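Hi,

Here is the structure we talked about handing over. Have a look at it first, and then read on for what I found.

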Amino acid sequence: MSVRKPGFRLLLTLALVLLALLLAGCDTKDPQNTFSPVGDVADDQRDLFNLVLWPAVVILILVEGLLVVALLRFRRRSPDELPKQVHGNTRLELAWTIAPALLLMVLAVPTVASIVELGRAPSADALKVTAVGQQWVWSFQYPDYKDAQGNVLTVFGTPEEPPEMHIPPDLEIAIQLQAADVIHSFWVPKLAGKKDAIPGRNNRMWLIAREPGTYSGQCAEFCGLAHAEMRFVVVVHENMDDFQQWVDDQLSEEAAAPGTSGPVAGRYGE
Amino acid sequence: MQHAPTADAALETSTGLDNRKLLMWLFLASECLFFGSLIAAYLLYRNQSIGAPCPSDCVIDGVTHEGLFDIPFTSVSAFVLLMSSVSMVLALAAIQRADQRGMRVWLATTALLGMLFISGQAFEFTEFHREGLSLSSNLFGTTFFVLTGFHGAHVTVGVLILLSLLVMAFRGRLNQAQSLHVELAGLYWHFVDVVWIVIFTLVYLIQP
Amino acid sequence: MARLTMGQRAVTMVEALRMAREEGATYRGIWSWITTVDHKRIGVMYGVTAFAFFLVGGIEALLLRLQLATPNGGVLDADTYNQLFTMHGTTMVFLVVMPLSAAFFNLLVPLMIGARDVAFPRLNAFSYWVFLFGGLFMNASFIAGEAPNAGWFGYANLTSTTFSPGHAIDFWALGLQILGIASMASGFNFLVTIFNMRAPGMSLFRMPLFVWMTMVTSFLIIFAFPVITVGLFELLFDRLFEANFFNPAEGGSPLLWQHMFWLFGHPEVYILILPAMGIVSEVLPTFSRKPLFGYPFVVFSGIAIGFMSWGVWAHHMYTTGLGTVANSAFGISTLLIAVPTGIKIFNWMATLWGGSINIKTPLLFAVGFIAMFVVGGLTGVTHSIVPSDYQQQDTYYVVAHFHQVLFGGSMFALFAGIYYWYPKFTGRLLNEGWGQVNFWLMFIGFNLTFQPMMISGLLGMPRRIYTYPDGMGWDVWNLTSTVGAFLIAASVLAFIVNVIVSMRDKRPAGADPWDGRTLEWTIPSPPPPYNFAEIPTVRARDDFWHRKYREDESGRAIPVVAGAAVEEEHAAGEHHAIHMPSPSFFPLIAALGLPMVALGLMYDYALVAAGAAVLVVGVYGWALEPASE
């Protein structure tokens, strides 16, 4: 097959793409890599993607391959060449209508199952965190933990220093999403897919982290000028005690320096 | 290519329908989506409005606020619009049997009834405004005025079309051969009337 | 020169207008373009204007790519970046792909159905002028120093005056309203044309597939645009008159905007792709010398896509928290809409299979379309795996998907159409050598630009960020994309060179350079103003092909002697008996009122009154002027 034939370039491009895709999945260092999840939800999402990816690749190679073969095999060889005039084939039409529909409905089953599981209410003993999106900085509140004055433990960020959401491992975290001004979206790819924070609405999601570490996240809904800078970090502690220690430290720090300024998320984001 | 609207013009087309009549039907079909979206917004927001004024009696913070709607009044203006559709039908029937005078009378009647409806709307809106309802007052004000406002604008355009037809008639340019113009105006007018019936029912009559 | 009285001046003006109109009817000079109601000229104007906006949108893209080529890029600041990505998207969707499609509707539909023009020629001209003024209006925002900057889908409540003060969003919303009027007028026009003006014998199932796709697209336009019109009115009322549609403080929901936008937006993307699919459905059979495989199925799948496009809108909203039932329902409907799309792809491949394939530039772009659209379609299927979409949504993976279908899809097909029909409307062929350069540069550049985005998206790179830090693993992919973007730019230059080269080529293309199948190839290139000397009587689908070739029992095609005879050029003046619609000023005048009203709403209400007056004068003049004399 000569380099000039249309098929060669096409196949080459495709091969490179696939190779790259495979390579990408291998690099676990990338901080927001959805292919190297460390939480149950992101795991599930990655598995679903792989489930559809491989049939898609097979179909892709088949279709592109047939295209290339058709161009090579049936290219015009003489100016007067007139091929057989085929108008259609009803059996073929039914086949390539029904088969894809069936395949897609097969994919629908694990999809819906996962939608239900991910959309369920958080369990009763989940740790509650409220993520508040405000132009252009996140803050996190822990309604379960209050200081002596009754103030809820809150972590603020600044544009220079992204806020840290600390959580223990292996425990379900129930995240409430609130928006103080415009729509934002809470996304920490290695732990879970995103959910929007919409003013006037109370969205919620849950996640479970399985490996201690620091995981990068950022706002994923365009929210104005510094949308790109609205980052945060999720710190997963070694164990529950370690996390509890952090909580205690935070609360005693707050007691020492009370009166923090920051966003207040009212019912309608006022 | 467009000639004077005769019966022959319609026969030249693949469907047998005059181009302009088909255009009007398609336009009205798209208008269904337009008004449908406005009505949907009104209905979706029906129970979300915060504070007074309200369409019907409501209790806010222990205080009862009287509802704004005066159903008997609005029923009369709805009836007026309905009657204008009757006169529109009569106008078309007149010109189709070459009754120029009859057409003028009924076209004028339709336009007058339409203007009466608009006056009723204007009066109603002024009353509501006096009670504190506006585009910005609350969600009810927003959705109500935008929905009924656009409808009123459509009626106004209709009245202008009818008056233009009357002017054409007085210049001797609206005869039996041009009856399609009246028919098209009639289609538009009936549509605007039907939309009002839907709005009146959903917004005024059916209260949650 | 004697001083004229008011009355005399008025008379002179009317005289001048009439003379200009008469001169316009001679098809010469600038007046003939300004007053034209000829679908072929309007088509050319749409095409040229759309291409100019393509260059504008392309430069915007290059600037974006320069900024993103490296982490912490310093080419553009956040504000400029936000304006550029918004205008890039808005321009490409509304000022390039849609009007290019409109160009093809205009040029081809009357010819393909054997008509002399569209049903409403002045409405047609009006559509063009409104489009031009709408595009200029929107881009005037750059001159005002505040181009729209909240994305091409402008989510509430970022677009409220609280969070978007100034006029940027007003330019966007008002501009889209104006453009919507142009599109709707076009939609109505082509529907009436297709239903009512077919040549004798041309039943619906004998129409070329491109005409079917025009019909479905036109239905989508007239039903989808009213929804966005209402949405935009709601946004404008919030901004201009402090209404509360999207104001959370008063109980309004920003989510309502998303529903309205995407109820329009999803049919809109099918509006963007169906005409392209129509073009491919014409190019492939001609270049394979075989009929379109499964024509009825391709027709029905197009209609099915039209209907189903209304049932998938919330797949743009999976992460907004609509609930399990809604997400499941839309997940399933989105999976299913892949079925009619697949049917088309399989039928196109079966058209090629067993054919005698003439590998020329139009064919290359058409095959490139299929190759790229398959990738785009498959990534679309991955989006419908809803929980996986919670990761994909709002990332570069989505950006890859929609560029795959809109650029690799629509634009490739539109280029196929340009190369295919260029000889019909200009009388000469585009250069094949430069065409190959154009195609390969564009194909390679396109893949180099957008395939890496699938990776960076899945590596967690969100959309609409003006910069990114290093150490995310995104660097090499972004750099590759930027290189690819410049290759695309080079390919567009190659196209421009090709046009210039072809203008110097004196060889006439002839009426039927590609051995075509449909009626437009039976008349001279370029066509005379009246299209057909005699309206043809149609006896079959692909009527022209069947005049040239007959089929024997085994399905072999056999040339018919003198079947290819086309209408000869007739000397101008021999067809006075054919009445063509007269040129007119009023569409342009009426169109002019719209941007005046829009500017007035932003700056000075007196201008609103003036614009309304111009509109009314234009419309009344139009209504009272005879269509042809």
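Chain A comes in two domains: domain 1 covers 6-75 + 91-119, and domain 2 covers 127-256. Please keep in mind that this is a predicted model.

The two domains of chain A do touch: 12 residues of domain 1 are in contact with 13 residues of domain 2. On the domain 1 side, that contact is made of five nonpolar residues, six polar ones and one charged one.

As for the fold, chain A has four helices and 10 strands. Going along the sequence, they come in the order α-α-α-β-β-β-β-β-β-β-β-β-β-α. Of the 270 residues in chain A, 39% are buried. If you take the contacts in chain A between residues at least 6 apart in sequence, 67% of them join residues at least 24 apart.

Is S5(A) mostly covered or mostly open? Mostly covered, with five of its seven residues buried. S5(A) pairs with strand S1 (residues 127-134) of chain A in the parallel sense, over seven bridges, and A:Leu127 stands opposite A:Ile173 there. S5(A) also pairs with strand S8 (residues 203-207) of chain A, this time in the antiparallel sense and over five bridges. In that pairing, A:Ala174 has A:Trp206 of S8(A) as its bridge partner. If you look at side chains here, remember that in a regular strand they alternate between the two faces of the sheet.

The mean pLDDT of chain A is 87, and 83% of its residues score at least 70. Within chain A, confidence is lowest in helix H1 (residues 6-26), with a mean of 63, and highest in strand S6 (residues 184-188), at 98. Over residues 258-270 of chain A the pLDDT stays under 50, although the model has 23 contacts for that stretch beyond four places in sequence. Where pLDDT is low, the predicted coordinates should not be read in detail.

Chain B has a mean pLDDT of 93, with 95% of its residues at 70 or more. The stretch to be careful with in chain B is residues 1-8, where the pLDDT is below 50; this stretch has 14 contacts in the model beyond near neighbours in sequence.

**Chain C and what it touches**

The contact between them takes 16 residues from domain 1 of chain C and 14 residues from domain 2 of chain C. On the domain 1 side, the elements that give two or more residues are helix H5 (121-143) and H6 of chain C, and H5(C) gives the most, with seven. By class, that domain 1 side has 12 nonpolar, two polar and two charged residues.

Between chains C and A, the contact takes 81 residues from chain C and 82 residues from chain A. Elements of chain C that each supply at least two residues include helix H4 (78-113), helix H11 (361-383) and helix H14 (432-458). Which helix of chain C gives the most to the side that touches chain A? H10(C) does, with 15 residues. The chain C side has 46 nonpolar, 28 polar and seven charged residues.

Chain C touches chain B as well, with 32 residues from chain C and 27 residues from chain B in the contact. On the chain C side, helix H6 (168-196), helix H7 (209-241) and helix H8 (254-288) are the elements that give two or more residues. H7(C) gives the most, with nine. That side of chain C has 20 nonpolar, seven polar and five charged residues.

Last, a helix to look up: H9 (residues 295-308) of chain C. H9(C) has 14 residues and reaches 20 Å from its first C-alpha to its last, close to the 20 Å expected at 1.5 Å a residue. Its buried residues include C:Phe297, C:Val298, C:Ile305 and C:Met308. The buried residues of H9(C) pack against helix H3 (90-119) of chain A, together with H7, H8 and helix H10 (324-352) of chain C.

Cheers

Conventions: Residues numbered from 1 in each chain as written. Chains lettered and ligands numbered in written order. Predicted model: local features only at pLDDT ≥ 70, side-chain atom pairs only at ≥ 80, totals over all residues. Contact = placed C-beta atoms within 7 Å. Nonpolar A, V, L, I, M, F, W, Y, C, P; charged D, E, K, R; others polar. pLDDT = per-residue confidence, 0-100. Buried ≥ 20, exposed ≤ 12 C-beta atoms within 10 Å, placed from the backbone. Pairing = 2+ DSSP bridges. Expected span 1.5 Å × (residues − 1). Domains from an automatic or database assignment.
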